Amino acid sequence: MMQALTRRRFIRISATAAGLGPLSLGRPARAEAAPVTWRGMMLGAVATMEIHDDDRRRAELLISLACAEARRLERLFSLYLDDSALVELNRKGILIDPAAEMVDLLSISQHYSTLTGGVFDVTVQPLWDLYARHFAQDDANPAGPEAAEVQTALARIGSGRMSISRDRIVMPRGMAVTLNGIAQGYVTDKVVDLLRAHGIARSLVDMGEARAIGSRPDGRPWDIGIADPDIADRTQTVLPIVDRAVSTSGGYGFRFDSKARFNHLFDPRTGGCALHHRSVTTVSRSATAADALSTAFSLMQEDEIRSLLPRVDIDRVHLIDEAGKSVELVA
């Protein structure tokens with residue numbers, strides 16, 4: 001189990017990184033050092049980086065820069081920080097002069113909503129709120145919320161109803177956004193972009209979703225484990241990855257009830273939860289795409305996923321079905 005940094009320690013690292021300038025990152029000629037690794041928390045999940053560089057001090061500075069950038073983005077996208085831009089949007093229904101990254105990510109989210117016929121939708125937060133309130137009751141009906149309550153929540157969903165521009169983001173009253181199905185991938189991609197811009201060619205970044213930069217220094221692929229959905233801390237299979245991102249979604253990540261009928265993956269078409277697969281893993285050049293589409297594919301039957309693969313940036317999909325059988329789909 002990876003030990004997370006404390007919040008105070010993480011903020012100190014980020015604050016130090018904010019003062020770094022490009023001259024701090026000059027590359028002196030020296031033999032290749034051992035990789036520099038970092039472990040902490042980001043967007044409510046364990047995050048890691050393994051940086052390979054000729055100069056250890058330079059790698060440490062790059063990790064600090066990457067932490068600062070990831071923390072900056074977290075303050076935009078997090079549902080868990082009371083002063084984040086996303087929390088403000090959900091509270092007020094409007095953001096004036098939003099950050100460019102917020103506009104970018106919400107626009108990308110609308111794109112994936114269109115591609116998936118509305119299956120991927122970042123405005124499903126009203127369903128989360130409904131199920132959380134329902135199952136917090138001591139005498140909660142194990143069959144879930146009443147149908148009328150689900151329909152009321154569904155009436156507040158539809159990312160196409162959001163107005164997104166560089167000047168403002170506006171959404172109807174009662175709508176609420178969660179970026180938990182895409183933000184980790186987006187932050188991972190942004191960190192990778194930063195590292196590449198400073199010449200890093202072989203490293204591994206995981207801000208909740210994993211993305212490899214190139215291969216390992218010895219030329220071998222990176223090994224990315226897929227969790228066993230039934231046994232905690234056990235790896236079901238390992239994927240060899242070179243210069244690709246991997247994302248896994250599964251209802252086992254959070255369950256509202258002891259019988260596992262209701263989980264955090266909500267279907268915006270029905271108000272129900274993902275039950276088609278125990279887990280869905282996607283491989284892509286983009287961690288953003290892998291993240292969003294592992295979420296969407298969790299709500300689709302296998303034939304729906306197959307029909308969509310030629311139109312999305314996904315190399316392959318690894319499914320674990322309800323019987324525990326693995327199925328590999330290749331684009």
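Predicted model: local features only at pLDDT ≥ 70, side-chain atom pairs only at ≥ 80, totals over all residues.
**Exercise 1. Determine whether aspartate 97 is buried or exposed, and give its phi.**

Solution. Begin with the position: aspartate 97 occurs in the loop between β3 (94-96) and α4 (100-115). Its phi is near 50 degrees, again a positive value in a residue other than glycine. The relative accessible area of aspartate 97 is 62%; the cut-off for exposed is over 50%, and therefore aspartate 97 is exposed.

**Exercise 2. Find the salt-bridge partner of aspartate 315 and state where the two residues lie.**

Solution. The side chain of aspartate 315 forms a salt bridge with that of arginine 244, at 2.5 Å from N to O. The bridge links distant parts of the chain, the two residues being 71 residues apart. Aspartate 315 is in the loop between α9 (302-308) and β12 (316-321), while arginine 244 is in the loop between β9 (235-241) and β10 (245-249). Turning to accessibility, aspartate 315 is partly exposed at 26%, and arginine 244 is partly exposed at 25%.

**Exercise 3. Identify the salt bridges that arginine 269 forms with aspartate 267 and with glutamate 304.**

Solution. Take aspartate 267 to start: its side chain meets that of arginine 269 in a salt bridge of 2.9 Å, N to O. Aspartate 267 is buried, with a relative accessible area of 8%, whereas arginine 269 is partly exposed at 40%. Now take glutamate 304: the closest N and O atoms of this residue and arginine 269 are 3.9 Å apart. A salt bridge requires a distance within 4 Å, so this pair qualifies. The pair links distant parts of the chain, with glutamate 304 in helix α9 and arginine 269 in the loop between β10 and β11 (277-284), 35 residues apart. Glutamate 304 is partly exposed, at 30%. Elsewhere, salt bridges with shared partners join Glu69, Arg72 and Glu101 into one network. The count of salt bridges comes to 17.

**Exercise 4. Explain why the buried residues of helix α6 line one face of the helix, and name the element they pack against.**

Solution. In α6 (residues 147-154), the buried residues are Val150, Ala153 and Leu154. Seen down the axis of α6, these buried residues fall within an arc of 100 degrees, and therefore they line one face of the helix. The buried residues of α6 pack against α5 (125-135).

**Exercise 5. Describe the surroundings of alanine 296.**

Solution. Alanine 296 belongs to helix α8 (residues 287-297). Its relative accessible area is 0%, and alanine 296 is buried. Once neighbours within four places in sequence are left aside, alanine 296 is in contact with Thr116, Val119 and Phe120. Finally, consider aspartate 315 from Exercise 3: alanine 296 and aspartate 315 are 19 residues apart in sequence and 15 Å apart in space, C-alpha to C-alpha.

Terms used: Residues numbered from 1 in each chain as written. Heavy atoms only, no water. Helix = DSSP H or I, 4+ residues; strand = E, 2+ residues; numbered from the N terminus. Buried < 20%, exposed > 50% of the residue type's maximum accessible area, 1.4 Å probe, protein only. Arc of directions from axis to C-beta. Contact = heavy atoms within 4.5 Å.
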